[in-house]
Amino acid sequence: MTAITEKQNTARNKPRTPWLNTVAGETAIQAGVFVVLLLAWEIATRSGVISPFMLPAPEDVVRRMADDLASGVALADLGRTLWRAVLGFVISAVIGIPLGILMGRFALIKWFFDPLISVGFPMPKIAFLPIFILWFDVFDTSKIIMVVISAIFPIVLAANAGTEQCDKWPVWSARSLGASKAETLWEIIFPLALPQIMTGLQIALPVALITTIVTEMMMGGPGLGGAMMTAGRFADTQGVFAGIVEITIMGLVLMKGFEALRRRLLRWQPQVRE
Amino acid sequence: MNTILRYSPLLLLLLAWEAITRFGLVSRQVLPDLATIGGAWLQLIAGGELAWHLAMSMARAFGGLALAILIGVPAGLIMAVSKPFRLALNPLVQMIYPIPKSALVPLMMIWLGLGSSSKVVLIFIGCLLPVIVSAYNGAKSVNPFLLWSAASLGASRRESLVEVLLPAAMPSVLTGIRTALGFAFILMVTSEFVIAKDGIGYLIAFLGDGGVYPSMFAAIFTVAAIGFFVDRAYSMLSGRLLRWTVT
Amino acid sequence: MRDASRSAISIENVQHSYVLRGGKEIIALQNISLDIQAEEFHALLGPSGCGKSTLLYLIGGFIPLQEGSIRTRSGEVTGPGLERGIVFQNFALFPWMTVKQNILYGLRKANFPRKEAEDRAREFIQLVHLTGFEDAFPSQLSGGMQQRAAIARTLAVDPEILLMDEPFGALDAQTRRIMQEELRAIQQRTKKTVVFVTHDVQEAVLLADRITIMSPRPGRISHLIEVGLERQSVEDMLAQPEFTAKSEHIWRLVKDMAESAMRGPA
């Protein structure tokens with residue numbers, strides 16, 4: 001019943017300001033709160049209530065980002081970080097999706113990998129980084145391997161769950177229409193499990209990005225994480241804030257892009273169209 | 001018996017490891033054999049270092065997590081029932097949500113220095129968001145008829161918040177806390193690794209820098225194992241708390 | 001005219017509308033006036049969208065009244081109250097509490113002393129034939145048992161008025177029949193005033209003393225019908241030609257409305 005949602009009304013009155021109850025109205029208020037926060041921040045730093053050393057004014061952070069972008073410093077770091085995160089993510093997907101599907105169809109593969117996944121998943125895998133540094137030195141290889149180790153777990157779990165939970169009717173239909181076992185794996189089971197796989201990938205994407213930054217912070221060198229650590233060591237608060245904003249924007253762009261990809265790939269799914 | 005069969009692939013991996021080191025396929029410098037790591041582990045325990053650094057780390061991780069739960073659960077529940085509260089807090093949540101919390105390590109360093117407080121605050125911020133969001137979503141999806149039932153049986157608004165909304169949102173809250181628990185461990189290791197004077201992350205980095213690899217392996221496997229067992233214990237606890245869900 | 005002092009709930013000129021997310025206003029109830037007598041079993045019958053549940057929730061005080069008034073013997077309805085107990089269609093038990101804890105919840109709120117509350121809980125568990133299932137969680141019970149537990153929880157705090165929102169709508173046919181029989185027995189024993197929302201014509205004729213038929217868009221009272229059948233066992237009633245005739249008559253009224261609503265503009 002639609003009536004249930006309406007419990008905010010004051011007694012004996014229809015809502016006095018109906019626009020407030022609309023999505024647009026609520027968004028407007030929240031945007032207002034956001035602007036007020038930013039203004040308070042700007043004023044607090046400009047007036048000297050908070051030292052700019054602790055908290056740089058928003059305007060200064062934006063200017064710093066513009067300068068870094070113009071000089072190309074930020075772009076080089078961003079590119080390096082993006083490359084590592086995306087490559088690590090793609091490798092995780094390329095290994096993780098088939099592994100998860102095969103685990104769902106073959107008992108032997110499940111038997112071997114299931115304990116590794118269930119033990120490895122809850123571990124703080126970042127602790128293994130020194131081992132990879134020991135084996136592969138501090139350059140791209142160890143960072144990307146660390147990203148893969150972190151991001152692959154949610155992908156394998158999602159692909160496995162999606163495969164095990166998919167209906168048997170479409171598989172049987174395909175078999176009776178003459179598809180071989182191997183063909184159903186790719187032609188039927190993979191698309192059926194795709195919604196869950198995409199969810200797993202959506203969890204893994206920020207994990208890949210975060211792990212990239214953490215490895216960069218731990219090892220230093222080129223990349224956003226390393227640049228932020230350097231800024232932090234020199235107490236360059238503007239640089240730190242610029243880094244935080246850049247990473248956040250990069251993450252948001254990646255996530256939104258991936259959501260769009262999901263909608264495109266899963267057009268056939270009824271609940272996607274809202 | 002069943003457990004042994006289930007976890008036998010792990011044993012196989014250990015056997016492979018042992019074989020690789022035994023037959024000298026790779027340098028022991030790069031991959032110490034299991035006996036050496038075990039010996040180093042015993043030494044770390046006997047010297048008391050491992051216990052000390054672990055205690056520091058656990059205090060930070062669980063301190064930050066506890067703060068996040070104490071503040072995040074009520075905040076999420078109240079956001080679900082009070083519109084002004086939600087409209088005021090949501091922009092803040094939306095602003096912090098997409099920031100990778102690990103990126104705040106250098107900022108915490110500038111603001112709070114190299115000691116424990118910077119780690120606890122970092123872990124608190126990292127854990128707060130999943131807790132708030134799960135409490136809010138849990139409370140939002142509570143069947144309104146449950147609240148109505150409580151009201152018709154005489155519960156006040158505040159009573160029904162604690163007696164109905166909180167338990168009804170509990171499955172979602174517990175899932176959120178589990179995510180936060182994972183974050184707490186990752187942020188703890190990361191922040192101690194990058195910059196600290198003590199804690200298990202610091203110990204690992206210190207041993208690695210000094211080239212004491214068997215001890216480094218031992219410390220790494222200790223924190224990984226603790227992460228695993230804490231998660232298991234938490235799952236069992238929340239399973240008990242949620243006995244009522246499905247049988 | 002009925003005797004006004006016998007009136008348990010009097011509803012006067014109630015109007016209710018709500019605004020959809022897009023800003024479109026829907027009139028859920030228009031010009032509703034109705035007197036429900038003490039100890040009466042009153043059914044609100046109509047196709048979906050006729051506002052019968054909205055009316056019940058207004059009587060319960062769960063959604064605020066916009067226009068008109070609703071009065072019980074305890075005065076004007078301004079919110080939920082202990083004199084008006086309610087049983088919902090589904091999930092209304094607190095799932096994290098056992099059957100007994102659910103029933104004790106209301107008794108605790110009503111400030112029953114501990115010992116007395118325990119006794120009373122046992123008594124009502126027995127009344128709805130759930131003895132032996134006191135410590136079961138709702139998820140461990142069948143739908144019929146859950147609904148019996150919900151009825152016991154509501155009855156235990158002894159409300160004057162029992163509001164029921166399609167209470168048997170989620171049950172299978174057999175369980176539904178048994179529950180109808182039990183509800184009638186309980187009502188005859190406890191002499192509660194019952195307001196019962198349903199879209200099942202037979203159920204309304206079987207249980208109610210009077211039936212208010214409502215029509216959709218906007219929700220209005222279209223007929224008020226005195227059932228006037230002799231109360232017998234459910235089997236005997238179903239076998240009566242008068243029962244069949246009454247059901248047929250009412251079904252035709254409801255069907256016409258439902259059909260015209262389907263055809264008419266939304």
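Helix α5 of chain A (residues 129-136) has L129(A), P130(A) and I131(A) as its buried residues, where buried means that 20 or more other C-beta atoms, placed from the backbone, lie within 10 Å of the residue's own, exposed means 12 or fewer, and partly exposed is anything in between. Helices here are DSSP runs of H or I with at least four residues, strands are runs of E with at least two, and both are numbered from the N terminus. The model is a predicted one, so local features need pLDDT of at least 70 and side-chain atom pairs count only at pLDDT 80 or more, while totals for chains, interfaces and linings use all residues. Residues are numbered from 1 along each chain as its sequence is written, and chains are lettered from A and ligands numbered from 1 in the order in which they are written.

What sits over those buried residues of α5(A)? The cover includes α6 (140-165) and α8 (181-219) of chain A, along with α9 and α10 of chain B. Just past the end of α5(A), D137(A) takes a positive phi of about 65°.

The two chains touch each other through 44 residues of chain A and 41 residues of chain B, a contact being two residues whose C-beta atoms, placed from the backbone, lie within 7 Å. On the chain B side, at least two residues each come from α1 (2-22), α4 (83-96), α5 (105-112), α8 (157-194), α9 (200-209) and α10 (213-241). The biggest giver is α10(B), with 8 residues. By type, this side of chain B splits into 32 nonpolar, 6 polar and 3 charged residues; Ala, Val, Leu, Ile, Met, Phe, Trp, Tyr, Cys and Pro count as nonpolar, Asp, Glu, Lys and Arg as charged, and the others, Gly among them, as polar.

Taken by itself, chain B has 10 helices and 0 strands. Its C-alpha trace spans about 75 × 50 × 30 Å along the principal axes. Of its 247 residues, 44% are buried. Among contacts in chain B with a separation of 6 or more, 73% join residues 24 or more positions apart.

Back in chain A, an automatic or database assignment gives domain 1 (2-46) and domain 2 (58-269). Their centres, taken over C-alpha atoms, are 36 Å apart. Helix α3 of chain A (residues 73-105) holds L75(A). Why does L75(A) count as exposed? The reason is that L75(A) has 12 C-beta neighbours inside 10 Å. Between L75(A) and L224(A) the C-alpha distance is 9.5 Å, although 149 residues separate them in sequence.
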